[in-house]
Every structure is written in C-alpha cells, then in structure tokens.
Amino acid sequence: TLRISRDEDDGQRIFRFADPSCDLAGVIVVDSLALGPATGGCRFWPYDDAAAMLCDARRLARGMSYKNAMAGLPLGGGKSVIRRPEGSFDRAALFAAFGRVLDEIGGDYLAAEDVGTTPADMEAVRAQTPFVFGLPADGALAGGDPSPWTALGVFLSIGHICARRGISLSDSRIAVQGLGNVGADLCRRLHEAGARLVVADLHAHATDRLRADIPVDVVAPEAIHAADVDLFAPCALGGGLNRTTIPEIKARLIAGAANNQLGTGADAALLHARGILYVPDFVANAGGIINVAAEYLGHDRHHVVDAVHRIPDRLADVLDRAEAADISPAHVADAMARDLIARAAGAMAGNEGKR
Ligand code: NAD
C-alpha cells in the first residue's frame with residue numbers, strides 16, 4: 001500500500017509518500033545534489049496539514065544544502081518530514097515503511113535522525129535500506145547520536161564569539177531556549193565553563209531534569225528570548241527570531257543549535273541594525289551532520305573531533321567578511337554557501353559536457 005509521487009518546483013525535487021496501513025505520511029525534498037547525495041535528518045512531528053509539512057521540508061532541505069556546503073562535506077542537501085500520527089501507532093512498522101520509501105528513491109537522499117526521531121528509529125529504517133545514517137555507534141567507528149557533536153560545535157561557536165567580544169565564558173550569562181538532546185548537553189558544557197544559565201522549555205520534565213543536575217534559573221518559554229543575558233542560544237524549533245521577538249532581545253550575541261532560527265531573511269537585517277551579532281545557525285550547528293557524514297564516508301572519531309573543532313575557523317571567516325562589509329553574517333554565510341554549491345554544479349555540468 002506504499003504510494004510515492006514525484007514532483008519538482010524551483011529546482012527542488014519533492015517526493016510525497018504515504019502508507020495508510022501503518023499511518024505513514026510525509027515528504028522528502030532533495031534540494032541539491034551538486035556536492036553529493038542530498039543528506040539531512042528525518043523530522044517526526046505532529047504537522048497540522050500537508051502544506052505545513054511541505055513548507056517545513058523545503059526550508060529545512062535548503063538549509064541542509066547550505067550547512068553541508070559550509071561544513072566542507074561532499075554532500076548535497078535534503079530533508080524528510082513525517083507526520084506524527086495522533087493516538088497510538090506502531091512505531092517500528094512506520095519507520096520500516098519509511099525505509100522502503102528511501103530504498104525506492106534509491107540513494108539520492110540519505111536520511112539521519114532529527115527532531116522527534118531516535119537512533120533506534122534509524123535502525124528500523126536500516127533494516128530496509130542502506131540509505132540511512134546516525135545509527136548507534138560501533139566502538140571506534142564514528143557515527144551514532146549526532147546531538148552531542150552538534151552541542152560541541154555550538155559550544156565552540158559560543159566560545160569564539162564571546163572571545164571576539166571580550167567576554168569570558170566564566171563571567172557570562174547565557175539564555176538557552178529548548179532543553180532537548182542538544183540544549184541540555186550545551187547547558188552542561190556551558191556550566192562547566194563557568195557560565196550562569198537562564199533556561200526555558202515547554203515541558204517541565206525537561207527543566208526539572210536539568211535543574212537536578214546543574215544550577216539554572218528557569219523562566220517561562222515566552223520570556224526566554226528577552227532574558228537579560230550576554231548571549232541567547234535558540235535550541236528549540238525554528239523561526240524564533242522574528243519581527244516580534246527581535247525588538248525584545250537584550251543579549252548582544254546569538255548562537256544556537258536550532259535550524260532556521262530566522263523567521264525571514266529580513267530578520268537578519270533587523271538583528272544587524274540592532275547591533276546584535278547573529279551566528280548563522282547552519283554554520284554553528286554542523287557538528288551533528290559532520291558525525292553522521294563520517295559514518296557514510298568511513299571516517300573515524302578522530303576525524304570528527306578535528307572537523308567539529310574547525311567550526312570556529314569557518315565562523316571567524318564569515319564574521320570577518322560580515323564586519324568588513326557591515327552586513328549580517330547570515331547574508332554572508334548564505335552567499336558563501338550558494339557560491340560553493342554553484343561552483344560544484346558548474347564543475348558537474350562541465351564534466352557532463354566532456355562525456
Ligand atoms: P529535541 O526535540 O530533543 O529538543 C527540543 C526541545 O525544545 C524540547 O525539549 C522541546 O520541548 C523544546 N521546545 C520546543 N519549543 C519550545 C519553545 N517555544 N520554547 C522552549 N522550548 C521549546 O531537539 P534537538 O535534537 O535538541 O534539536 C534542537 C534544535 O536543534 C532543532 O531545531 C534541531 O533541528 C536543531 N538541530 C539539531 C541537531 C542534532 O544533532 N540533534 C543538529 C542540527 C540542528
């Protein structure tokens with residue numbers, strides 16, 4: 001009962017899929033294949049409707065193209081989203097059916113864990129297809145849960161911009177929005193470095209669990225962006241930096257893990273006009289995909305550690321260019337990523353021409 005339809009819009013390939021026998025419904029978007037197979041996580045979320053699902057997948061897939069290009073990975077960008085069914089459902093059967101979708105598509109898209117999915121889900125997918133990564137790690141091999149690597153990359157990015165602005169982490173106040181896999185890990189690293197933390201999550205169990213571990217001030221989710229801190233770290237879902245929230249932000253620095261933090265491109269300019277230094281999300285949060293890619297590329301842990309520690313160098317390059325041109329780092333990073341992809345696409349077209 002598996003159905004897959006294919007479509008194309010504005011250069012993106014769109015695969016809609018459904019298997020009513022196990023409540024599976026979702027979309028895969030292949031944004032770019034210029035640098036390699038389109039790679040990006042699989043999001044499992046209670047979307048309101050098909051339009052919301054498609055919109056999210058398309059934006060996230062574009063973000064993955066930029067992230068992978070800027071991380072220097074030989075990967076294109078793609079994303080899959082699956083509607084989380086209401087009520088009870090057979091999780092293993094649903095992800096197995098998703099695995100069969102990936103197999104049908106045949107390797108242009110490689111999946112991994114994302115918001116709402118776990119390494120165990122990816123194992124259910126792997127039983128059906130080789131086109132999935134982010135599986136539980138095996139000894140010295142790289143791979144497994146991407147979240148700690150994402151948290152490390154964000155932590156190093158925060159260290160970099162604080163140093164740039166003459167703020168010592170041990171003397172800083174930092175607000176973290178969202179205490180999931182990445183946010184909670186980031187909080188522990190920041191606490192160890194001496195930062196004082198203000199945090200928020202929609203779920204009390206997330207704040208309670210962290211509070212049992214380290215000292216944090218908890219504020220309401222709707223107030224966290226306006227906390228009186230040096231740095232704001234969005235680690236929940238996207239779109240948190242927008243026309244409504246930006247005028248209320250007191251932090252002078254923003255760096256977090258969430259994908260698509262800016263509501264629209266214009267919000268980058270708003271932050272810049274307010275003198276707030278914004279670290280482009282896809283530059284800071286590449287640690288997870290670097291770890292996932294290592295599994296695909298056969299790299300070891302050593303390579304992953306090195307590559308994640310190079311994130312601040314790339315960030316420094318983006319920030320130097322943004323300062324020189326007096327524009328938002330978001331615009332600089334977008335342009336750099338687009339340039340890398342266009343060059344790879346140009347080289348690909350050149351090679352085709354020679355055949
Ligand atoms: P997660 O689902 O484990 O955690 C998200 C947390 O945010 C949850 O605890 C949720 O309750 C909370 N939350 C949601 N909306 C909120 C709000 N409005 N205010 C406060 N809290 C809110 O997800 P994660 O894996 O930690 O990822 C967090 C973000 O980082 C996502 O945007 C994800 O796309 C991005 N990201 C994650 C990785 C990774 O390796 N996991 C890699 C790159 C980017």
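Helices here are DSSP runs of H or I with at least four residues, numbered from the N terminus. Just after α1, Gly72 takes a positive phi of about 75 degrees.

The model is a predicted one, in which local features need pLDDT of at least 70 and side-chain atom pairs count only at pLDDT 80 or more, while totals for chains, interfaces and linings use all residues. Residue numbers start from 1 along each chain as its sequence is written.

The domain assignment, which is automatic or from a database, gives domain 1 (3–62 + 76–126) and domain 2 (147–286 + 312–338). The C-alpha centres of domain 1 and domain 2 lie 27 Å apart.

Next come the helix pairs. Helix α4 (residues 147–164) packs against helix α5 (residues 181–192) at an angle of about 50 degrees, with the axes 8 Å apart. Axes are lines fitted to C-alpha atoms, for helices over the stretch in contact, and angles run from 0 to 180 degrees between N-to-C directions. The angle therefore makes α4 oblique to α5. Angles under 35 degrees count as roughly parallel, over 145 as roughly antiparallel, 65 to 115 as roughly perpendicular and the rest as oblique. On the α4 side, Ser147, Pro148, Thr150, Ala151, Val154 and Phe155 meet Asn181, Val182, Asp185, Leu186, Arg189 and Leu190 of α5; contact requires C-beta atoms, placed from the backbone, within 7 Å. By class, this contact of α4 with α5 has seven nonpolar, three polar and two charged residues. Nonpolar covers Ala, Val, Leu, Ile, Met, Phe, Trp, Tyr, Cys and Pro, charged covers Asp, Glu, Lys and Arg, and the others, Gly among them, are polar.

α4 also packs against α10, at an angle of about 35 degrees and with the axes 9 Å apart. Here Trp149, Leu152, Gly153 and Leu156 in α4 meet Val304, Val308 and His309 in α10. The residues of this contact divide into five nonpolar, two polar and no charged.

Helix α10 (residues 301–309) has a further partner in helix α9 (residues 287–297): their axes come within 10 Å and cross at roughly 155 degrees. That makes α9 roughly antiparallel to α10. Gly287, Ile290, Asn291 and Ala294 in α9 meet His303, Val304, Ala307 and Val308 in α10.

Notes
Helices (H or I, at least four residues) and strands (E, at least two) are DSSP runs, numbered from the N terminus. Two residues are in contact if their C-beta atoms, placed from the backbone, lie within 7 Å.
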